[in-house]
Amino acid sequence: MIMKGKKGLIVGIANNKSIAYGIAKACFEQGADLAFTYLNEQLEKRVRPIASEFKSDKVYELDVNNPEHLESLTKSLEEDFGKIDFVVHSVAFAPREALAGDFIDTTREAFDIAMGTSVYSLVSLSRAVMPVLNDGGSILTLTYLGGPKYIPHYNVMGVAKAALEASVRYLAVDCGKRQIRVNAISAGPIKTLAASGIGDFRMILNWNEINAPLGRNVTTDEVGKSGMYLLSDLASGVTGEVHYVDCGYNIMGMGMASKDEDGKTKLAWDLKK
Ligand code: 0WD
């Protein structure tokens, strides 16, 4: 039981398809005690049964943009646990209209919303949990290849993920003073509630499936297991990292599809025959 005796906070479960659900599951299966947050009343109805599934009744309201919620989160964690060992930040949001069309048309309002909810929230959440986080603890966030590279429709969220990945590095230095580690998992595309807001997401899923070295898309369970590793003492020497859990898609320098002599689209392994 790798996480036996560890206590952690999971932020960003919307339902049992959420990436944070996969991470919670992997941590629970390895013996961790968990607390959860929900964004609003509507999501509370989804999060409470999930908390029960993981034998927890520690469920707090948290809109990461609300400083009062962050303040009461720190108090609740202190009352319920004293200290905790890890935090999962699995939160992102951008207005739907900013996730389609051209990036050049992004409004200042959409830009600010995306950066505030998806990037600054990691900074403010980390600061809020610092007083209740044990030395040697671990903070994990979720990012996507649309940060370092262009991905169609990802637009302002790509810019937010680039800033998130930079924030991981700066936080890693601050938190390193107390042996607290800060890392990100860059997950391959997964069909979740948040992903459904991205224009033409099915095309992105198909593209990754064809072009990834493993020839398939990653699962929430797989991201969960890798997340558990980064939150555990197995990763005690790892900080400031962006760890890809994407069936290898990010290493590809070329796509797997091309045209044959007749101009028909073929997969690279068929062209080799
Ligand atoms: O393909 C994907 N699904 C990928 C997601 C690939 C790579 C990375 N990611 C990232 C996302 O960008 C995000 O940072 O993983 C993280 C989790 O996303 P998810 O699991 O794909 O999506 P979802 O199940 O919707 O969970 C995100 C949740 C929100 O759900 P909704 O759908 O209601 O926006 O983030 C939470 C909320 O529960 N959230 C907030 N929590 C607190 N305060 C806030 C907020 N202001 N806004 C959203």
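How far is an oxygen atom of the ligand from a polar backbone atom of V91? In this model, which is predicted, the separation between that oxygen atom of the ligand and the polar backbone atom of V91 is 3.4 Å. The report below begins with the ligand and its surroundings, and then turns to the pockets and cavities.

**The ligand and its shell**

The protein buries 91% of the 860 Å² that the ligand exposes when it is taken alone.

**The pockets**

The ligand sits in the largest pocket, which has a volume of about 1100 Å³. This pocket is lined by 40 residues, and those that lie nearest its centre are S90, V91, A92, F93 and A194. Among the elements of secondary structure, the strands β2 (33–38) and β5 (133–143) and the helix α5 (155–176) each supply at least two residues of the lining of the largest pocket.

The second largest pocket contains about 260 Å³ of space, and its lining consists of 17 residues, of which L145, Y150, I151, W207 and Y249 lie nearest its centre.

**The cavities**

The structure also holds two cavities of 30 Å³ or more. The largest cavity, with about 50 Å³ of space, is lined by Y144, L145, I151, S186, A187, G188, P189, N208, Y244, D246 and Y249. Of these, L145, I151 and Y249 are also among the residues that lie nearest the centre of the second largest pocket.

The second largest cavity has a volume of about 30 Å³, and the residues that line this cavity are G188, P189, N208, A212, R216, N217, V218, D246 and C247. Four of these names, G188, P189, N208 and D246, occur in the lining of the largest cavity as well.

**The linings by class**

The table sets out the classes of residue in each lining.

| Space | Volume | Residues of the lining by class |
|---|---|---|
| Largest pocket | about 1100 Å³ | 26 nonpolar, 11 polar, three charged |
| Second largest pocket | about 260 Å³ | 11 nonpolar, five polar, one charged |
| Largest cavity | about 50 Å³ | seven nonpolar, three polar, one charged |
| Second largest cavity | about 30 Å³ | four nonpolar, three polar, two charged |

Terms used. Residues are numbered from 1 along each chain as its sequence is written. This is a predicted model: local features need pLDDT of at least 70, side-chain atom pairs count only at pLDDT 80 or more; totals for chains, interfaces and linings use all residues. Side-chain values use heavy atoms; hydrogens and water are left out. A polar contact is a pair of N or O atoms within 3.5 Å; within protein, one must be able to donate a hydrogen and the other to accept it, and residues adjacent in sequence count only if both atoms are side-chain atoms. Accessible areas come from the Shrake-Rupley method with a 1.4 Å probe; for residues, only the protein chains shown count as cover. On a 1 Å grid over the protein atoms alone, a cavity is a set of points where a 1.4 Å probe fits but cannot get out, and a pocket is an open set with protein on both sides within 12 Å along at least five of seven lines; lining residues have an atom within 4 Å of a point. A molecule sits in a cavity or pocket if more than half of its atoms lie within 2 Å of its grid points. Grid points are joined across faces, edges and corners, and a volume is the space filled by probe spheres set on the points. Ala, Val, Leu, Ile, Met, Phe, Trp, Tyr, Cys and Pro count as nonpolar, Asp, Glu, Lys and Arg as charged, and the others, Gly among them, as polar. Helices (H or I, at least four residues) and strands (E, at least two) are DSSP runs, numbered from the N terminus.
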